[in-house]
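Hi,

Here is the structure I promised to pass on to you. Have a look at it first, and then read my notes below.

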Amino acid sequence: MSSAGGHDGFVLPRILAAVAAVWCACYLVGYLRVVRAQSDDPAWWYVALVGVAVLSGVGAAIGIAVRPALVGGLIASALATVLGLFTIGGWLGPAVAANALGLVIGSRSRRRVVPRR
């Protein structure tokens, strides 16, 4: 159902999900470059975890189960942030914030307003 503005209330959360997906993808490229520069092999489980965050963001951005995809992106990016905190994991903070903000905004826009009598 459309609101008065012509959208379903999930436009901004979808934009935030896209931002988080792009941020995570750029982070992943940076992570791989740093690891390769140190002549080391990347932790493929970590690459997969950040990849889940990217795919969740893409899914939410294109409108596939927006809320569950935002939750998945939030969990994956937050976990990757904590696990990589002693290296460059802190750079995932903006993606965590974008996913969390998308969830908050999405849940507020979906609340029904009950008219007073």
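Let's start with Trp45, which counts as exposed because its relative accessibility is 54%. For that label, the cut-offs are under 20% relative accessible area for buried, over 50% for exposed and partly exposed in between, with a 1.4 Å probe and protein chains only.

Before going on, note that this is a predicted model, where local features need pLDDT of at least 70, side-chain atom pairs count only at pLDDT 80 or more, and totals for chains, interfaces and linings use all residues. Residues are numbered from 1 along each chain as its sequence is written, and side-chain values use heavy atoms, with hydrogens and water left out.

How confident is the predictor? The pLDDT (its confidence in each residue, from 0 to 100) has a mean of 87 for the protein chain, and 85% of the residues reach 70 or more. Helix α2 (residues 44-61) has the highest confidence, at a mean of 96, and helix α4 (residues 93-110) the lowest, at 87.

The chain has 4 helices and 0 strands. Those names come from DSSP runs, numbered from the N terminus: helices are H or I with at least four residues, strands are E with at least two. Of the 117 residues, 36% are buried.

Now back to the rings. Rings of Phe, Tyr and Trp (its six-membered ring) pair if their centres lie within 6.5 Å; planes under 30 degrees apart are stacked, over 60 edge-to-face and the rest tilted. That rule gives 3 aromatic pairs. In one of them, Tyr27 and Tyr46 sit edge-to-face, 6.4 Å centre to centre with 65 degrees between the planes. This pair links distant parts of the chain, since Tyr27 is in helix α1 and Tyr46 in helix α2, 19 residues apart. Trp45 and Tyr46 are also edge-to-face, because their ring centres are 5.8 Å apart and their planes stand at 85 degrees. Tyr27, Tyr31, Trp45 and Tyr46 form one aromatic cluster.

Which residues does Asn99 touch, leaving aside its neighbours within four places in sequence? They are Ala20, Leu70, Gly73, Leu74 and Ser77, where contact means heavy atoms within 4.5 Å. Asn99 belongs to helix α4 and is buried, at a relative accessible area of 2%.

Finally, find Val19 in helix α1 (residues 11-37). At 44% relative accessibility, Val19 is partly exposed.

Cheers

Note on methods. pLDDT = per-residue confidence, 0-100.
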